[in-house]
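Biologist: I have a structure open and would like to go through it with you. Can we take it piece by piece?

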Amino acid sequence: MIAMYPSFVMDCPDAARLAQFYGEVLGWKVEARDDWADIKPEDGSNCISFQQVANFTAPAWPGQEKPQQMHLDVMVRDLDEAESEVLAIGATKAEHQPGTTFRVFLDPAGHPFCLCTS
């Protein structure tokens, strides 16, 4: 093994705001400072980081003029219930919905993410 505990970093226009959003989605603790923020579960076993960048340009999903490059899929028990909860904390439901076992949303910075049941 060369490394362990991988995490990923998302560029965004407001690191603290996006960390707060995903912290609420996942129930993880938010640690924000200046232009960087992390979210972690209580046991610290995972980390998602958010890097504030000037002149951020959101992806344009489902088109590829400004490709998504990455997105987060999270498992939920009930799509309708989870949808109302993410909308309440700042998500937007994507107009194009290509499946029935998942729904596509845009986070407050415009990154696509999916709520999935399988």
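Biologist: Which residue caps the N-terminal end of α2?

Modeller: Asp-78 does. One of its side-chain oxygens lies 3.0 Å from the backbone nitrogen of Asp-80. Keep in mind that this is a predicted model.

Biologist: Where does α2 sit relative to the sheet strands?

Modeller: Helix α2 covers residues 79-88 and lies across β6, β7 and β8. The helix runs at about 5° to β7.

Biologist: Which residues of α2 are buried?

Modeller: Leu-79, Ala-82, Glu-83 and Val-86. Viewed down the axis of α2, these buried residues fall within an arc of 105°, so they line one face of the helix.

Biologist: Why would residues a few places apart point the same way?

Modeller: An α-helix has 3.6 residues a turn, so residues three or four places apart point the same way.

Biologist: What do the buried residues of α2 pack against?

Modeller: They pack against α1, β6, β7 and β8. On the other side of α2, Asp-80 and Ala-88 are exposed.

Biologist: And what happens just after α2?

Modeller: Gly-90 comes there, with a positive phi of about 120°.

Biologist: Now the sheet. In what order do the strands come?

Modeller: The order is β5-β8-β7-β6, four strands in an open sheet with mixed pairing. The edges are β5 (72-75) and β6 (92-93); each has a single partner strand, so one side of each is left without a neighbour in the sheet.

Biologist: What holds paired strands together in general?

Modeller: Strands of a sheet pair through backbone hydrogen bonds, either parallel or antiparallel.

Biologist: Which sense do β7 and β8 take, parallel or antiparallel?

Modeller: Antiparallel, over five bridges. Within that pairing, Arg-103 stands opposite Leu-115 in β8.

Biologist: Let's stay with Arg-103. Buried or exposed?

Modeller: Buried. Its relative accessibility is 18%, and the cut-off for buried is under 20%. Arg-103 is part of strand β7, residues 102-106.

Biologist: What polar partners does the Arg-103 side chain have?

Modeller: Its side chain makes a polar contact of 2.9 Å with the side chain of Asp-80. A polar atom of the Arg-103 side chain also lies 3.4 Å from the backbone oxygen of Leu-79.

Biologist: What else does Arg-103 touch?

Modeller: Not counting residues up to four places away in sequence, Arg-103 touches several residues, including Glu-83, Lys-93, Gln-97, Phe-113 and Cys-114.

Biologist: Phe-113 is aromatic. Which residues are in the aromatic cluster with it?

Modeller: The cluster is formed by Phe-21, Tyr-22, Phe-50, Phe-105 and Phe-113.

Biologist: How many aromatic pairs are there?

Modeller: The count is five. One of them is Phe-21 with Tyr-22: the ring centres are 5.0 Å apart and the planes are at 80°, so the pair is edge-to-face.

Biologist: And how do Phe-21 and Phe-113 sit?

Modeller: Their ring centres are 5.6 Å apart with the planes at 70°, so that pair is edge-to-face. Phe-21 lies in helix α1 (residues 15-26) and Phe-113 in strand β8 (residues 112-116), so the pair ties together parts that are 92 residues apart in sequence.

Biologist: Change of topic. Where is His-111?

Modeller: His-111 is in the loop between β7 and β8. At 7% relative accessibility, His-111 counts as buried.

Biologist: What lies by its side chain?

Modeller: A polar atom of the His-111 side chain is 2.9 Å from the backbone oxygen of Asp-11. Leaving aside neighbours within four places in sequence, His-111 is in contact with a number of residues, among them Met-10, Cys-12, Leu-18, Tyr-22, Phe-56, Pro-59 and Phe-105.

Biologist: Last one. What do β2 and β3 form?

Modeller: A hairpin, with two residues between the strands. Strand β2 (residues 29-33) and strand β3 (residues 36-40) pair in the antiparallel sense over five bridges, and Glu-31 stands opposite Asp-38 in β3.

Biologist: Which residue in that turn has a positive phi?

Modeller: Asp-34, at about 30°.

Conventions: Residues are numbered from 1 along each chain as its sequence is written. Side-chain values use heavy atoms; hydrogens and water are left out. Buried means under 20% relative accessible area, exposed over 50%, partly exposed in between (1.4 Å probe, protein chains only). A polar contact is a pair of N or O atoms within 3.5 Å; within protein, one must be able to donate a hydrogen and the other to accept it, and residues adjacent in sequence count only if both atoms are side-chain atoms. Contact means heavy atoms within 4.5 Å. Rings of Phe, Tyr and Trp (its six-membered ring) pair if their centres lie within 6.5 Å; planes under 30 degrees apart count as stacked, over 60 as edge-to-face and the rest as tilted. Two strands pair if DSSP finds at least two bridges between them. Axes are lines fitted to C-alpha atoms, for helices over the stretch in contact, and angles run from 0 to 180 degrees between N-to-C directions. The arc is that of the directions from the helix axis to the C-beta atoms.
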